[in-house]
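Good morning, colleagues. I would ask you to keep the model on screen while I go through its cavities, its salt bridges and its surface.

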Amino acid sequence: MTALVSVNTEAGEHVQLSGFGNISAIHSGTEKFGFVYDLTKEGVFDEWSLEAGSSVGLQLNASLSDDWDFVIQGVVQDRIENDLNKSITWAFLRYKVSPDVTVRVGRIATPIYMLSEYRDVGFAYLWTKPITDFYANIPVTSLNGGDIAYTTPLGDGVIEAKFFGGQSDVSINTIYESHEVTLSPLIGTKLSYFTDQWILSGSAATAKVDEGNPATTLITNSSSNPSIFQAWPSLQSSLQDFEFENTRFYYYSLGAQYETGDWNIQTELSYTDADWPFFPDLAAGYTSVGRTINDLTVYGFASKAKSAGEIYELEAPPTVLLSNPQIGGAYALIKGNLDARVIDQETFGIGARYDINSQLSLKGQIERTWLNNNRIGGWSVDEQGLTAPVPDHIDTISISLSFVF
């Protein structure tokens, strides 16, 4: 596993078993606005939670020959929709075509950001959890398909070009319920450059929604009485715009990491271009700086996420009809849902990591997130939360014990 330092237990000459885990406690959110670890998890509403960031994983590497090997990884963690299939994060067959070319087929980590190969391995990065403003809105973690990678020396380092494609199944939570969504085809490329101290990467990917629509309940509730369309004719067109299937996403990212024995500096930028009203285009990024003294690393980071481009404008019914409970209520609910997906927030955090030994680290982190312009798209809300006063900021405290074995 890339960047995973572990002690492997040999279960035979050609089989290796390794593992990792996080015991994480997170306090965040308010009574109406829940902290979102990522889109596959329930929000944390002004309480301590052990479920959001805790996990345990096992990985089996089996060498079949000099050129063939098989890898399977499972991660047990809290998810909105949870089963054995979702717990299997990797399951691929790898073939070394030549010293420069490698092919993987099966379930792989989707290589679209810097933590792709170890997002669940808390021991592999400084923070108590992946940077929320950047990673919480990336639901795609694994891909059923494959990739091909070409690697060659360049200057003082190595450059790798990777092309990938396949299908991804994700769970997306809404104020009503969780929905299963299938993205197919999902295709992309990633270019990376590695030296002793630097990692530079850039990726581009696109995915089409093949099945699933998180707005189904909203569409159904808004169109339960056909007579509403006579009074509000533009509603029909809006509900058609809310259909999720056959829409497309485009994802772009750039990343850089500089690491020595004393310093760890990492930054990422991303842009998500979406064709769906409930996912406005999103720009996100962060910069993290850590300084290590003996076994202790202190660090700080700044991050930001903001909806970009044009925000969907819902055409209102005639003003005289807004006093009608059914029409006024439908308009307020739809507009509230649309507004609740718009993001404009920034975070500053500080923390410390103490490496107890080569396999165990203890980390603590405090961060403050400012919600700008009353934008709540980065937080979990219910129907009551759509009309609740938006706080100026929300604080998050997290503690984690991360380990590998």
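I begin with a definition: helices (H or I, at least four residues) and strands (E, at least two) are DSSP runs, numbered from the N terminus. This is a predicted model, in which local features need pLDDT of at least 70, side-chain atom pairs count only at pLDDT 80 or more, and totals for chains, interfaces and linings use all residues. Residues are numbered from 1 along each chain as its sequence is written, and side-chain values use heavy atoms, with hydrogens and water left out.

On a 1 Å grid over the protein atoms alone, a cavity is a set of points where a 1.4 Å probe fits but cannot get out, whereas a pocket is an open set with protein on both sides within 12 Å along at least five of seven lines; lining residues have an atom within 4 Å of a point. Grid points are joined across faces, edges and corners, and a volume is the space filled by probe spheres set on the points.

How many cavities of 30 Å³ or more does a search of the whole structure find? The search finds five. The largest cavity has a volume of about 630 Å³, and 43 residues line it, with Gln-77, Arg-79, Lys-86, Thr-89 and Thr-141 nearest its centre. Which strand gives the most to this lining? That strand is β10, with five residues. By class, the lining of the largest cavity holds 17 nonpolar, 16 polar and 10 charged residues. In this count Ala, Val, Leu, Ile, Met, Phe, Trp, Tyr, Cys and Pro are nonpolar, Asp, Glu, Lys and Arg are charged, and the others, Gly among them, are polar.

The second largest cavity has a volume of about 490 Å³. Its lining consists of 31 residues, and Asn-137, Ile-138, Pro-139, Phe-249 and Thr-272 lie nearest the centre. At least two lining residues come from each of β10, β11 (178–194), β12 (198–211), β13 (248–259) and β14 (263–274). Here the classes are 23 nonpolar, six polar and two charged.

The second largest pocket has a volume of about 490 Å³. Of the 29 residues lining this pocket, Asn-173, Thr-174, Ile-175, Arg-341 and Val-381 are the closest to its centre. Strands β10 (157–173) and β19 (379–380) each supply at least two residues of that lining, which divides into 16 nonpolar, eight polar and five charged residues.

I come now to the salt bridges, each defined as a side-chain nitrogen of Lys or Arg within 4 Å of a carboxyl oxygen of Asp or Glu. The structure holds 11 of them. Asp-147 and Arg-104 meet in one, at 2.7 Å from N to O. This pair links distant parts of the chain, with Asp-147 in strand β9 and Arg-104 in strand β8, 43 residues apart. Are these two side chains buried or exposed? Asp-147 is buried, with a relative accessible area of 5%, and Arg-104 is buried at 8%; buried means under 20% relative accessible area, exposed over 50%, and partly exposed in between (1.4 Å probe, protein chains only). Arg-104 and Asp-147 are also linked with Glu-117 in a network of salt bridges.

A second example is Lys-335 with Asp-339, whose closest N and O atoms are 3.0 Å apart. Both residues lie in helix α6 (residues 325–339), four residues apart, about one turn of the helix. Lys-335 counts as partly exposed at 35%, and Asp-339 likewise counts as partly exposed at 30%.

Finally, some backbone features. Most residues other than glycine have a negative phi, and most peptide bonds are trans. The bond from Ser-184 to Pro-185, however, is cis, with omega near 0°, and Pro-185 is found in strand β11. Asp-46 has a positive phi of about 50° although it is not a glycine; Asp-46 lies in the loop between β3 (34–35) and β4 (47–49). Asn-294 has a positive phi of about 60°, is found in the loop between β15 (282–293) and β16, and counts as exposed at 72% relative accessibility.
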